[in-house]
Amino acid sequence: ITRTSYLRVTSPMYVTDQPAFLNGAVELETTLSPLELLKSLKRAESDLGRDVNYTRRETMRYGPRTVDLDIILFDGYDAMNDDGSAAETLDDNDLQPCSLIMKTEELEIPHPRMMERVFVLSPMSDLERAVERIRHPVVNRSMGEILSSLSHQSAGASKDQGIRVIPLPRARMLHFNETIVMGILNVTPDSFSDGGKYSDSSEYAASAALKLVQEGAGIIDVGGESTRPGAEEVAIEEELQRVIPVIRSIRKESDVPISIDTRNSRVAMAAVEAGADIVNDVSGGTHDPEMLGVVSSLDVPMIIMHMRGNPKTMQTMTNYSEEEGGVVVSVANKLKKRSQAAEEAGIPRWMQILDPGIGFAKDLDGNLTLMREAEELRQLCLEIPFLYGPSRKGFIGRITGETSPERRDYGTIAACLACVKGG
């Protein structure tokens, strides 16, 4: 797999009396011919419970099914042998690069109904890059161009581009049809934000988390290591002792999505086993070389944050030169590299959230610029969902003159609204 789209939930098409569709697209490299790949996909569908031969009485074409794997486009393959017969395997031809057009009883490429299906064109458009469009070999138009024209048609095709989602354990999902508020629960004795008030009792910490949920939090972020400027690294065993009881206590009372704020793969694994759903790594997977592989094996989403240095050194690294493109371009370039590294480790794009790292190796102007240019940053990062974390941070104190972090809530509200307004 070389690239993945995002996942979207859309209304069902053709047979509408069935559950919503969950749609995604992947780009892959294979040594299989198109017909061999089709057979492999049919085996996968059958293994996952689909009645591929419509043998059961209740099975209908376009009706409810567990999974539907289609070949949309195929490139780099010559469908014909020199004598004009269909090439069954890659050994039959010399791989002349082309955008394949083929039609047999078993398979037609390009997919014959792709141009009427928004639920296909939307994820296919995700795979396009600014300098590398995916073009339909018959109509010679990109996926984005076809999708745009389809959205202006008055009849005959669904226009539901769907809601972006990220799957969570236990068949739950994060839905990005609105801004999601993350409640921060620091269980460290040296937290800059709340003075360590939740570090002594897991039950007390869990009750605070449940109160955040009642007040509108859609995710609870549990952290056992302070990453404030100048903070010392915490031993892994101590971090585990702080966060695991709290996660278990929250999970006993609520199914709210929980993210574990950690730089350590051991903590991430133990937290997910205890009931956490998301790994939030402020180092973007650079602190612990095992982190990306562990998150991939856990099959949970990952929040990938931008930071230079570490909490002890980061505030000496706040200069973003013009040669780097300034703070927005520099942060975007680093995040794209970390996103690609995560994808190569087995964390698909539809399981990623990016974080520009407000307050981490950023000065006042850098923080405000990243908030103001949130839309540009997201576009530079290929529309991956973004998390902004300005809560009670020092730059708010500099603007408002408030020295106590616990008294920066109004400034935090304004900062969050500014992030949403910025895109």
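Let's start with Cys419: this residue is buried, at 7% relative accessibility. Buried here means under 20% relative accessible area, with exposed over 50% and partly exposed in between, using a 1.4 Å probe and protein chains only. Keep in mind that this is a predicted model: local features need pLDDT of at least 70, side-chain atom pairs count only at pLDDT 80 or more, and totals for chains, interfaces and linings use all residues. Residues are numbered from 1 along each chain as its sequence is written, and side-chain values use heavy atoms, with hydrogens and water left out.

Back to the cysteines. The closest cysteine sulfur to that of Cys419 belongs to Cys416, 6.1 Å away, too far for a bond. A disulfide is a pair of cysteine sulfur atoms within 2.5 Å. The count is zero disulfides. Cys381 is buried too, at 1% relative accessible area.

Next, Thr412. It sits in helix 12, residues 409-422. Helices are DSSP runs of H or I, at least four residues, numbered from the N terminus. Thr412 is buried, at 10%. Leaving out residues up to four places away in sequence, Thr412 touches Pro390, Ser391, Arg392 and Ile396. Contact means heavy atoms within 4.5 Å.

Last, a helix pair. How do helix 8 and helix 9 pack? Helix 8 is residues 326-344, helix 9 is residues 364-372, and they pack at about 70°, axes 9 Å apart. Axes are lines fitted to C-alpha atoms over the stretch in contact, and angles run from 0 to 180 degrees between N-to-C directions. Val327, Val328 and Val331 of helix 8 meet Gly366, Thr369 and Leu370 of helix 9.

Methods. Helix = DSSP H or I, 4+ residues; strand = E, 2+ residues; numbered from the N terminus.
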